[in-house]
Amino acid sequence: MTRLPDDPPPFYRAHLFMCTNKRPPGNPWGSCGEEGAQELADHLRQTFKELGIEDARVAASGCLGRCDKKPALVIYPEGVWYTVKTKEDVEEVLKSHLAKGERVKRLMVPA
Ligand code: FES
């Protein structure tokens with residue numbers, strides 16, 4: 001994506017979407033919600049506060065279409081996808097990706 005010269009400046013430096021979609025038990029697709037995604041999204045928000053991150057935003061979302069990589073987290077504007085299964089994974093992604101501009105390759109989802 002290319003920003004155009006007349007575009008207003010971005011309101012946030014980054015936007016994180018954490019899928020918290022929950023399908024009924026037994027659904028063949030499964031869901032991020034069944035893998036504890038709501039608790040992980042809550043931990044994302046809490047860690048934002050603890051790290052003093054004010055120029056980025058986390059949002060819980062419906063299905064992001066990466067159900068095979070659950071629980072799915074995507075960070076824009078980079079469009080980098082992660083599978084985060086634990087609170088420690090969440091903290092590592094925030095501290096590396098957002099705070100340092102690095103990547104957590106072991107948690108990244110290939111294209
Ligand atoms: S249910 Fe989370 S990506 Fe589909």
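Predicted model: local features only at pLDDT ≥ 70, side-chain atom pairs only at ≥ 80, totals over all residues.
Local features require pLDDT of at least 70 and side-chain atom pairs count only at pLDDT 80 or more, whereas totals for chains, interfaces and linings use all residues. Residues are numbered from 1 along each chain as its sequence is written, and side-chain values use heavy atoms, with hydrogens and water left out.

Five salt bridges (a side-chain nitrogen of Lys or Arg within 4 Å of a carboxyl oxygen of Asp or Glu) are present in the structure. In one of them, Asp 55 pairs with Arg 13, with 2.8 Å between the closest N and O atoms. Asp 55 is in the loop between helix H1 (37-51) and strand E2 (56-61), and Arg 13 is in the segment before strand E1 (14-19), so the contact ties together parts 42 residues apart in sequence. Helices (H or I, at least four residues) and strands (E, at least two) are DSSP runs, numbered from the N terminus.

Glu 39 is partly exposed at 48%, as is Lys 87 at 35%.

Glu 92 forms a salt bridge with Arg 106, the closest N and O atoms lying 2.6 Å apart. Glu 92 belongs to helix H2 and Arg 106 to the segment after H2, 14 residues apart. Glu 92 is partly exposed at 30%, while Arg 106 is exposed at 56%. Together with Asp 89, Glu 92 and Arg 106 are linked in a network of salt bridges.

Key: Buried < 20%, exposed > 50% of the residue type's maximum accessible area, 1.4 Å probe, protein only.
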